[in-house]
Structure formats: C-alpha cells, structure tokens
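Q: Hi! Could you walk me through this model before I get lost in it?

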Amino acid sequence: VYATGFFDDVVVDVVEEGEGLRVFFLVVEKPAIRTVTFQGNKKIEEEDLREVLDIRSFSVLNEAEVKQNTERMRDLYLEKGYYLAEIEPVVTEVGSDQVDLTFAIKEHRKVIVQRVDFTGNKSLSAARIRKFMQTKPGGIAPWLTSTGSFRQEILDNDLYIIRQLFLEEGFVDVVVDTPNVYLSPDKRYIFISINIDEGVRYDIGDVEIVGEFSPEEGLTEEAVRQIIGGRLIA
C-alpha cells in the first residue's frame, strides 16, 4: 500500500476475532497538488517547461515523481547550455489537504565549451578529429544558439566516434581516455582535454582471393580486388 506513493504513512493493526484475525490498514493520505508554478525562469519559457512535466493540478503529491520532473527540466536547461542551472521544488501547504508546488529556478549564466584539446594524437590532426565530433567550441554568438553547449552523453558518444576514426586508420589497439572537463573560475566556460593512446598501426599484408569467378558477368579476380580496395565497379 505504501509503495503506491499515495500515502504519507501506513500502519497495520491486527485484531484477533474469533478463530481468525481482522487486519486494519490505517493510512494518512498525501495532499493533492492545487497548482504547479515556476519562479526564476527567464531563458526558457514556461510553456516549454510544462511540456516536459507530467505533474498536473489536483494530482497526488509524490516525491519520486517530483524528483523525476525536476531532472527533466534540468536536462532541458542542459540542452540549452545552462550547465549550472539549479531547480528546487518547493511545497507549500494551503490547507484542506492541498499544497502548491513551485519549481524555484536559478538559471545562472550559459556555460560554453571554449576549447577541445587532444594529446597523444600523432597520426590524426586535432582539426580532423573535431570535424566529426558533436561537441564543439562555441561560435561568435553562442548565447543565441545551442552551439558550444555541453552535454555529457554527447561527449560520451564523441569518444566512440574518435575511436572509430583511429580504427579506420589501422590503429586497432587505440585507447581513448576519459576526458578531463574543466570549468573556468568565472563558471562561464568549459575546457575539454582528451588523451589518446594510438598504439601500433596495422597494415594489411597480402590478400589472397579464391573461389569461382564469372568473367561474363564482370566478376573477375581483378574486379574483386578493386572492390576490396574500395573502388566501385560500374
């Protein structure tokens, strides 16, 4: 009963009655939410914040749901580059088993990726690696767009992309270390440093092709070698 999230307290009382038992559940219901409001949001419109919420007026107050909705709003701020945004749910009793729920928001400044550096990369230039990454330094006016925004899950995916780039160049044993992410003292910029251990580069030796060929259909040994070499055969 308590696990439903609808009650603040549940007490079980057992009374002997004849040859059996009578079980009573004494419950204290959680209050209903009268209103859901926001304070302090200037960079993101209230309409956009409500789109990520599934808490509605007159629903039962559930701390787990409030926490989940708070995280959704925080993710929305992260998408916009507000890495330091703070969101605090405030519950105010208004009587008659009702409460008002207010999300108090401190947006702080937008944090921009200022620089993405690499160490250990000898075979692929930093410029080439950055070309394929989604995490990029902010442009001329990053506060107007999402350019330069930092998101951990995107950076994690970039590590996979970097590794694939080196694999394509023959570095089978490449290791891409966990990035070092630094926040500037004024909390306006993020600096990212990624160390790469390329390892040994492997080259393909002799390639032997065996099997049945069909010269009349254009499937000759030479054509197969060209396909393996990456050349498209018309």
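Predicted model: local features only at pLDDT ≥ 70, side-chain atom pairs only at ≥ 80, totals over all residues.

What follows is a short chat about the fold, the cores, the sheet, the aromatic pairs and a few loop residues.

Q: OK. How many helices and strands are in the chain?
A: The chain has five helices and nine strands. Starting at the N terminus, the order is β-β-β-α-α-β-β-β-α-α-β-β-β-α.

Q: How much of the chain counts as buried?
A: Of the 234 residues, 29% count as buried. As for contacts with a separation of 6 or more, 54% are between residues 24 or more positions apart.

Q: Let's go inside. Which residues touch the most other members in the largest nonpolar core?
A: That core has 20 residues, and the ones touching the most other members are Phe 118, Ile 129, Ile 162, Phe 166, Ile 192, Ile 194 and Ile 196. Two or more residues come from each of strand E6 (112–119), helix H4 (152–168) and strand E9 (189–197).

Q: Which of them gives the most?
A: H4 does, with five residues.

Q: Zooming in on Phe 166, what does it touch?
A: Leaving out residues up to four places away in sequence, Phe 166 touches Asn 121, Leu 124, Ile 129, Phe 171, Val 174, Ile 196 and Glu 198.

Q: What does the second core include?
A: The second core is separate and has 19 residues, among them Val 36, Ile 87, Val 99 and Ile 105.

Q: Now the sheet with E3 in it. What is the strand order?
A: E3-E5-E4, in an open sheet of three strands with mixed pairing. From one strand to the next, the twist averages 20°.

Q: In which sense do E3 and E5 pair?
A: E3 and strand E5 (residues 98–106) pair in the parallel sense, over seven bridges.

Q: Changing topic: how many aromatic pairs does a search of the whole structure find?
A: Four. One of them is Phe 38 with Phe 103, a stacked pair with 5.9 Å centre to centre and 25° between the planes. Phe 38 lies in strand E3 and Phe 103 in strand E5, so this pair ties together parts 65 residues apart in sequence.

Q: Is Phe 38 buried or exposed? And Phe 103, buried or exposed?
A: Phe 38 counts as buried, at 11% relative accessibility. Phe 103 is buried too, with a relative accessible area of 0%.

Q: What about Tyr 83 and Phe 150, how is that pair arranged?
A: Tyr 83 and Phe 150 are edge-to-face, with 5.3 Å centre to centre and 90° between the planes. Tyr 83 is in the loop between H2 and E4 and Phe 150 in the loop between helix H3 (126–132) and H4, so the pair links parts 67 residues apart in sequence. Tyr 83 is partly exposed at 36%, while Phe 150 counts as buried at 3%.

Q: Last topic, loops. Where does Arg 188 lie?
A: Arg 188 sits in the loop between strand E8 (180–183) and E9. Arg 188 counts as partly exposed, at 34% relative accessibility. Setting aside neighbours within four places in sequence, Arg 188 is in contact with Arg 109, Lys 110, Val 111 and Ile 112.

Q: How far apart are Arg 188 and Val 176?
A: They are 12 residues apart in sequence and 27 Å apart in space, C-alpha to C-alpha.

Q: And what is phi for Lys 187?
A: Lys 187 has a positive phi of about 60°, although it is not a glycine. Most residues other than glycine have a negative phi. Lys 187 is also in the loop between E8 and E9, and is partly exposed at 47%.

Note on methods
Residues numbered from 1 in each chain as written. Heavy atoms only, no water. Core = buried A, V, L, I, M, F, W, Y, C linked by side-chain atoms within 4.5 Å. Buried < 20%, exposed > 50% of the residue type's maximum accessible area, 1.4 Å probe, protein only. Helix = DSSP H or I, 4+ residues; strand = E, 2+ residues; numbered from the N terminus. Contact = heavy atoms within 4.5 Å. Pairing = 2+ DSSP bridges. Axes fitted to C-alpha atoms, helices over the stretch in contact; angles between N-to-C directions. Phe/Tyr/Trp six-rings, centres within 6.5 Å; stacked < 30°, edge-to-face > 60°.
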